[in-house]
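I opened the notebook to record what I looked up in this structure. The entries follow in the order in which I took them.

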Amino acid sequence: MMDNELYQEVLLQHSKRPRNFGPLENATHAADGHNALCGDEISVALRVGNGTVEEAKFTGSACAICTASASIMTGEVKGLTCDAVGTLAGKFRQLAKDGNVPDIPMKLQVLGGVHQFPQRVKCAVLPWETLVSALDSPVG
Amino acid sequence: MALNTSEIREQFPFLKESVNGHPLVYLDNAASSQKPERVIRRMSRFLESEYANVHRGIHLLSERATAAYENARAELATLLNAERPEEIAFTRGTTEAVNLVANTWGRKNIGAGDTILLTEMEHHSNLLPWLHLAREAGAKVEYVPVTDNGAALDMDVAKTLLAKHPKLFAFVHVPNTLGLENPATELCRLAHEAGVTTFVDGAQSVGHQPVDVQALGCDFLACSSHKMCGPSGIGALWGRYELLSAMPPWQYGGEMVDRAYYDKPATFREPPARFEAGTPAILEAAGWAEAIRFLRETGLEDIREHSIALANDAASKLRDIEGLRIFGPETRQSGIVAFSIEGVHAHDVSFFANERGLALRAGHHCAQPLMRKLGSPSSSRASFYLYNTAREVEALVAIVREGVAFFR
């Protein structure tokens, strides 16, 4: 098992040029996440209206897996209801731990490889944990 | 280099391991060191023919176990140039030794309004026990700052802060990230001139270079077996005997008690027994003693020179990589090289390196406030010891270069 099986090209693209990276103006919800093991630090900011995630962005300093996961995640959750985001976060956690889970968007499956590297599961899941805690943390 | 590295390497079985067909290159010595065959053999021989509990059985095996356990105390006393073996209390490691002093000497001597002086470069183990004590006692904590890039301790500020007469100055001898050695002798002299008690964290220095507690002039020093070719699970507190004598116990139970009663307070034994409640790490003590003999026979000054030479070699070659920043002084004073790379996260570097057989540490190295101050929450660290070679430095540099190209 070599690293090119974990760091697939699409994943590397997301880590080198992350989407939705930067501060979010008029954020309604936000939270910080931290991985004490490797030093990943990430902040997720959301704009929620009518029970739907209208906008999602992230900032921070994190490893390639965590950054790519956040990049893909923020793209996927836009337009979803808060309930649907919670469900998807649960599915993603299962994907990262087991390598496969039914009915998960194609774009997220690129991160399924982390289940073979137990120390990296936390890196992939951290953005989702931070997203879920952001939904519970209104700004101001 | 004075060390006969090829002869040394033959004595370390872990070097026969490989990763994905690559020879294992172990550069995580600041986290823990590997064990030579003679330590492994000593421990199995001890279990085969010398094992029993210590200090309590009137039978052959208990006598043998007690002799081995006390021999370890004597070996460590010699290594540290302690005045007597009774100045050494065994603990689970450096962390427990700090907690021991904080809970005994600290609780007795630190009160409301007192100051504990630390440095900004402390490992969590020499930071959190003191912060907890200060909170409990209503005491204040001050820090001697590091200069730019963690190059050194700011000695001018150290002098100013010591002149304010803190009760205690606890500092690390060799920090686990910066590749420097603090001027411990001078710091202890300045502290004593101001009447300040000193505690030295020797986790990265003992067993890596000569350390003489009498020459340092400190009051307490802590160290760990596993960082110096011995097993994990045992370490020690060295303290001046008059200080140890005046300290109350902190853990209660067998072995540390003199007289016990149902209905009146117990009396306790003299140090070091007072601080060794319960059955100690007997097997580990036997292994540690063998590790100390091995290191002394190899030569601690040579080990230090060898490790520093490799670290300097690595630092100068790594510096050629664009965007790579090395923490600490220009010239290495210990075998440690911690670095961050612009645009490449340390966790990815370590993962990439491991796939190629190279063991590197990534993260905050249990020094979160320091790494935050240096502006790098996560960095990579290579740390060298007696079995490492110049070829392994080449491997490190090549793999880091390859990793930078892959991730950037």
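This is a predicted model: local features need pLDDT of at least 70, side-chain atom pairs count only at pLDDT 80 or more; totals for chains, interfaces and linings use all residues.

Next I looked up the secondary structure of chain A, which comes to six helices and three strands. I read the order from the N terminus as α-α-β-β-β-α-α-α-α.

I then turned to dimensions. The C-alpha trace of chain A spans about 45 × 30 × 25 Å along its principal axes. What radius of gyration would a compact globule with 140 residues have? I get a value near 14 Å, and chain A has 14 Å, so the two agree.

I also checked burial in chain A: 42% of its 140 residues count as buried.

The last entries concern the contact between the chains. I found 14 residues of chain B in contact with 11 residues of chain A. On the chain B side, the elements that give two or more residues are α12 (346-355) and β16 (361-363). Which element gives the most to this side of chain B? That is α12(B), with six residues. By class, I noted six nonpolar, six polar and two charged residues on the side of chain B that touches chain A.

I left the interface as residue counts, 14 from chain B and 11 from chain A. The size of an interface is often given as the accessible area lost when the parts come together.

Notes: Residues are numbered from 1 along each chain as its sequence is written. Chains are lettered from A and ligands numbered from 1 in the order in which they are written. Two residues are in contact if their C-beta atoms, placed from the backbone, lie within 7 Å. Helices (H or I, at least four residues) and strands (E, at least two) are DSSP runs, numbered from the N terminus. Ala, Val, Leu, Ile, Met, Phe, Trp, Tyr, Cys and Pro count as nonpolar, Asp, Glu, Lys and Arg as charged, and the others, Gly among them, as polar. The radius of gyration is taken over C-alpha atoms; the globule rule is 2.2 Å times the number of residues to the power 0.38. A residue is buried if 20 or more other C-beta atoms lie within 10 Å of its own, exposed if 12 or fewer, and partly exposed in between; C-beta atoms are placed from the backbone.
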